Amino acid sequence: MRKSLTTLLTSAALLLPVSAWAAPVEITLWHMEQPPHRVERIQKLMDAFNEANPDIVVSQEPQNWGEIYAKAPAALSAGAGPDMLFAIPDFAPILKNIGALTSVSDFVTELDKEHDFLDSALESYTYDGGVWAVPLYNMSMNLWYRKSVFAEAGLDVPTTWADWKAAAEKLSSDSTYGIGLPANKQLYTDQTVYSVMANGGATEIYDENGKLRFDNPQTIAAYEYYAELQKLSPPDNTSWTWGEAESCFASKSCGMILQFSVISSYDTQAEGDADDLGVAAIPHAEGESQHNTIAYPNAVMMLSTDEAKRKASEKFVSYLLEPENYGQFLNMEPGLFMPVTADGAKAESFWNDETVQKYRGQIETVIENSGNGKLFGFTSGRVFPAIAAISAQNILAETLQAVVVGGKTAAEAVSDGQARMTEASE
């Protein structure tokens with residue numbers, strides 16, 4: 001009898017599909033969304049995906065922007081890289097240049113038919129005959145302030161550089177810095193410097209032939225203005241990243257700041273009064289007619305060369321972009337990450353979030369401001385992948401430090417900056 005039962009079980013096992021015995025496909029996502037609440041939200045989505053897809057296990061390993069430009073190429077070269085990695089447009093060319101990327105054109109076309117990507121989000125990753133990453137979310141820099149503070153000081157929201165500096169001077173007191181601007185050699189400073197450049201007629205770092213044109217009167221004027229304005233910031237701003245600026249605003253130590261969003265920190269660490277939180281377009285130079293800002297379409301690069309892992313990665317990204325999941329993903333930081341798909345912009349999962357509802361007016365303004373978004377190296381419908389080396393070395397921020405720390409004139413620093421860009425691009 002025992003022999004018959006064993007034979008029966010063995011026969012039944014042979015009839016089961018091979019997949020029933022196969023180990024799950026394990027894939028890893030590297031991203032630079034380090035704040036714990038963002039990691040927690042991503043994990044929540046991963047847990048739901050893993051439960052619905054028992055043949056796949058996706059996990060995350062948070063990284064930081066300060067190291068990823070060197071760490072990712074090294075890890076991939078050693079065969080220890082992730083299967084998916086978040087990207088910004090000027091980071092993707094670094095991995096493409098070492099042969100770590102293959103085009104995701106077919107996958108993006110499939111997703112585009114279903115969700116309708118913003119053209120601008122796709123353009124930044126489309127060049128050299130391929131599409132090198134899948135757009136996930138958009139970010140744009142804005143001017144944040146408190147309406148009550150402006151009202152008490154008798155200030156209107158500044159629209160020009162002269163108004164902006166006057167407002168910062170008026171808000172400055174023994175207990176308050178008029179504005180919080182970074183002057184660190186770091187990505188945040190790249191972003192704020194370029195936001196000022198873009199509002200001073202210095203949007204284009206390259207000419208139409210791909211030749212560097214960083215050293216021009218508009219760029220010099222933008223650096224001169226920034227250097228003067230940052231004098232009204234805390235003296236430790238030469239070591240600031242995004243968090244220090246948000247903390248300065250939340251504590252009311254800074255009268256206004258440039259930041260992608262302050263909603264989360266303002267809501268949890270400051271007053272949380274939605275009616276008092278102001279957000280505006282970044283002021284432009286006299287003579288300019290349009291408010292611009294830096295805008296980043298963030299994306300995910302598919303790195304695995306293993307077919308099963310590649311398919312599993314595509315399944316996870318498809319899951320994130322489904323409208324019922326996409327809003328949860330974007331709202332890992334409400335008010336910071338904006339949709340890049342048409343159905344995502346209408347998704348109830350995005351707009352029904354409690355924090356998004358509370359700050360809906362601010363978020364709608366952020367989306368409106370992003371309409372004039374620019375990104376150095378990806379302007380006027382042209383893409384210059386060589387910008388990756390310039391961005392990786394934070395040469396925009398380095399040029400500012402040459403003025404505010406090194407004591408050079410803006411003209412000297414910008415001239416040196418162009419030489420550094422040329423050197424980095426070779």
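What order do the three strands of the open sheet have, and is their pairing parallel or antiparallel? Select S7, S8 and S9: the order is S8-S7-S9 and the pairing is antiparallel. Strands here are DSSP E runs of at least two residues, helices are H or I runs of at least four, and both are numbered from the N terminus; two strands pair if DSSP finds at least two bridges between them.

Before going on, some housekeeping. This is a predicted model, where local features need pLDDT of at least 70 and side-chain atom pairs count only at pLDDT 80 or more, while totals for chains, interfaces and linings use all residues. Residues are numbered from 1 along each chain as its sequence is written, and side-chain values use heavy atoms, leaving out hydrogens and water.

S8 and S9 are its edge strands, each pairing on one side only. From one strand to the next, the twist averages 30° (axes are lines fitted to C-alpha atoms, for helices over the stretch in contact, with angles from 0 to 180 degrees between N-to-C directions). Zoom in on S7 and S8: four bridges join them, and tyrosine 145 has methionine 256 in S8 as its bridge partner. Now show H11, which lies across S7, S8 and S9 and runs at about 150° to S8; contact means heavy atoms within 4.5 Å.

Next, pick arginine 146 and glutamate 271, whose side chains meet in a salt bridge at 2.6 Å, N to O. (A salt bridge is a side-chain nitrogen of Lys or Arg within 4 Å of a carboxyl oxygen of Asp or Glu.) Arginine 146 sits in strand S7 and glutamate 271 in the loop between H12 and S9, so the pair ties together parts 125 residues apart in sequence. Arginine 146 is buried at 2% relative accessibility, whereas glutamate 271 is partly exposed at 38% (buried is under 20% relative accessible area, exposed over 50%, partly exposed in between, using a 1.4 Å probe and protein chains only).

Lysine 252 is partly exposed, at 42%.

Now jump to aspartate 128 and lysine 96, a salt bridge at 3.0 Å, N to O. Aspartate 128 is in the loop between S4 and S5, lysine 96 in helix H4, 32 residues apart.

Last stop: select Lys185, Glu398, Arg420 and Glu423, which are linked in a network of salt bridges. The structure holds 14 salt bridges.
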